[in-house]
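User: Let's go through the next model. Please put it up first.
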Amino acid sequence: MTLDLNTIWFVLVAVLFAGYFFLEGFDFGVGILLPFVAKNDNERRMVINSIGPHWDGNEVWLITAGGAIFAAFPNWYATLFSGFYLALFLILVALIVRGVAFEFRSKHDSASWRRGWDYAIIFGSALPALLWGVAFGNIVRGVPIDESMTFTGNLFTLLNPYSLLFGVVTLVLFTLHGALFLSLKMDGVVLERTKKYIQMLWIPVVVLVVAFVALSYFETDLFEGFNIVQGVGLLAAVVALLSVGWTMRQGRYGASFIGTGVTIIGTVILLFGGLFPRVMPSSMGAEFDLTIYNASSSPYTLQIMTVIALTMVPIVLAYQAWSYWVFRKRLTTDSHLEY
């Protein structure tokens, strides 16, 4: 592997998606669990307030990842966003609806008003959690891309069993990740209900992940030329996921939350490690694959972007770490609820 700017930006895009799925993964999970762990309006406000100070900051990682692809690999951006247009549009709509729901839900005391926004939060959390898995499943599996770097399939091309399975994996894994985050933020009866769902979710996650890895062997070329980066990602994901089952039985939910986070990051490392140096394999032939070289910007553009990234990324990371430190306490029925 040559550590040139193209490679550095490929790694940076992978890091941004890993950070996004780690952080937004748990706030998707919290939104999905809203009707199950909270049974009255005050409990639902507690649950929403657990992610209220963080959800928009978490989405910065997605915006930055999209911007990085656009600027560093414009041909990848054009093919991805035109080919996956409807799926990505649905994700965008869901994220907008969810964001509006967070802000508007508590602006009126009507039960029907708040119930409607609760459905919006559930929809806006579950749909992206599912569709992100479908999208990355298709990227790894390969989609029809011709010699002009144009996606020649349609929506039904993306709805294949392998990608749908990965969509279910991300949906359930993010839900468990969210439940573990709630266990660190809730108290009283909401905490007890959350613990029940943590116990229920772990085994389905393990079964789905095993099924996904097994199907990946037959449906993708991830395991052809298996490299050390993929090995590190797969080993980290497996060990971390198994450790979740052990630590949650001991009531060490903080360690379990780290475990699901490492599982998510390890999976991203496995997938991006298997793609490299491609960014979108073509199912029509390896000669049509998009790579970090034929899909990239000019060397000068990558140089400018590297300088900007080295300047701004540490500031963003420091600000986000500070925000999590400020809002680190558990929420109780006596807490001030903003949302």
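User: How do the residues lining the second largest pocket divide into nonpolar, polar and charged?
Analyst: There are 20 nonpolar, one polar and no charged. Nonpolar covers Ala, Val, Leu, Ile, Met, Phe, Trp, Tyr, Cys and Pro; charged is Asp, Glu, Lys and Arg; the others, Gly among them, are polar. This is a predicted model, where local features need pLDDT of at least 70 and side-chain atom pairs 80 or more, but lining totals use all residues. Numbering runs from 1 along each chain as its sequence is written, and side-chain values use heavy atoms, without hydrogens or water.

User: Which residues sit nearest its centre?
Analyst: Of the 21 lining residues of the second largest pocket, those are Leu62, Phe81, Leu88, Ile91 and Trp132. A pocket is an open set of 1 Å grid points, over the protein atoms alone, where a 1.4 Å probe fits, with protein on both sides within 12 Å along at least five of seven lines; lining residues have an atom within 4 Å of a point.

User: And which helix gives the most?
Analyst: α5, with six residues of that lining. α3, α4 (74–83), α6 (111–141) and α11 (253–275) are among the helices that each supply at least two. Helices are DSSP runs (H or I, at least four residues), numbered from the N terminus.

User: What lines the largest one?
Analyst: 21 residues, with Leu12, Leu16, Thr64, Ala309 and Val313 nearest the centre. The largest share, 10 residues, comes from α12. This lining has 18 nonpolar, three polar and no charged residues.
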